[in-house]
Amino acid sequence: MSPADPGGASDAVAVVAPRLRELRRRASLTLEAAARDAGLSPAHLSRLETGQRQPSLPVLLALARIYGTTVSELLGEAVADRDAVIRGDAMEPSEAGGWTYRQAGAPGRGMQALRVKVPYGAQGDIVRVHPGEEWLHVLKGRLRLHLAAAVHVLAPGDSAHFDSLTPHRIAAADRHGVELLFVHTLLQSPATALCLGGGTSPGDPR
């Protein structure tokens with residue numbers, strides 16, 4: 001929330017605080033136990049539950065896991081009926097940094113699924129580190145995946161599943177590019193932001 005919109009931030013805290021307290025009690029957890037499992041101090045969690053602090057996304061992810069729910073529910077969002085079947089021709093593509101994305105799953109779920117096309121040379125130097133897990137499966141072409149100090153080349157049919165707090169880079173290994181299925185556990189993020197963390201430009205060598 002930007003500083004120019006303080007009312008929006010206050011509204012968000014007013015919604016989240018009672019939900020945090022309600023869901024903790026529904027999970028039959030004491031303040032101390034929930035705080036310990038989330039890696040917080042009891043005082044910090046108490047301030048979140050009373051609206052004195054606004055929770056960060058990593059904190060929401062941790063609490064959602066502990067309470068057996070989703071970030072959407074923590075934020076008080078009503079879950080609408082969602083179709084189980086996603087038709088490919090109904091999903092409009094979006095682009096960012098040269099990558100093309102198509103939703104492959106319903107919004108607001110505990111996982112976000114995308115079909116991604118990565119051209120050769122696009123964003124290959126951007127290191128990404130963010131909360132959650134990633135699973136990807138190569139459909140066409142070859143993918144170069146950097147995980148910390150290791151480098152892997154994945155061919156069609158190959159998959160990878162990793163903690164996305166591990167520094168990682170993704171790039172097409174061949175000039176014809178690569179297409180993949182991509183699933184991420186991070187909620188409340190636009191599709192085009194899931195792969196683009198790090199804030200560097202395509203020409204910024206890291």
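Two strands count as paired if DSSP finds at least two bridges between them. Helices (H or I, at least four residues) and strands (E, at least two) are DSSP runs, numbered from the N terminus. The model is predicted: local features need pLDDT of at least 70, side-chain atom pairs count only at pLDDT 80 or more, and totals for chains, interfaces and linings use all residues. Residues are numbered from 1 along each chain as its sequence is written, and side-chain values use heavy atoms, with hydrogens and water left out.

**Stop 1: the three-stranded sheet**

Select β6, β5 and β8, which form an open sheet in that order with antiparallel pairing. The edge strands are β6 (150-154) and β8 (168-172), each of which pairs on one side only. From one strand to the next the twist averages 15°; axes are lines fitted to C-alpha atoms, for helices over the stretch in contact, and angles run from 0 to 180 degrees between N-to-C directions. Now keep β5 (residues 143-147) and β6, an antiparallel pair with five bridges. L143 has L154 in β6 as its bridge partner.

**Stop 2: the six-stranded sheet**

Next, select the open sheet with the strand order β1-β2-β3-β9-β4-β7, also paired antiparallel. Because β1 (94-96) and β7 (159-163) stand at the edges with a single partner strand each, one side of each is left without a neighbour in the sheet. The twist here averages 25° from one strand to the next. Show S94 and, opposite S94 in β2, Y101.

**Stop 3: two crossing helices**

Select α2 (residues 31-38) and α4 (residues 57-67), whose axes come within 9 Å and cross at roughly 120°. That makes α2 oblique to α4, since angles under 35 degrees count as roughly parallel, over 145 as roughly antiparallel, 65 to 115 as roughly perpendicular and the rest as oblique. For the contact (heavy atoms within 4.5 Å), show A34, D37 and A38 of α2 together with A62, L63, R65, I66 and Y67 of α4.

**Stop 4: a salt bridge between helices**

A salt bridge is a side-chain nitrogen of Lys or Arg within 4 Å of a carboxyl oxygen of Asp or Glu. By this rule the count is six. Which residue forms a salt bridge with E49? Select R24: the closest N and O atoms of the pair are 2.6 Å apart. E49 lies in α3 (residues 42-49) and R24 in α1 (residues 6-26), so the pair, 25 residues apart, links distant parts of the chain.
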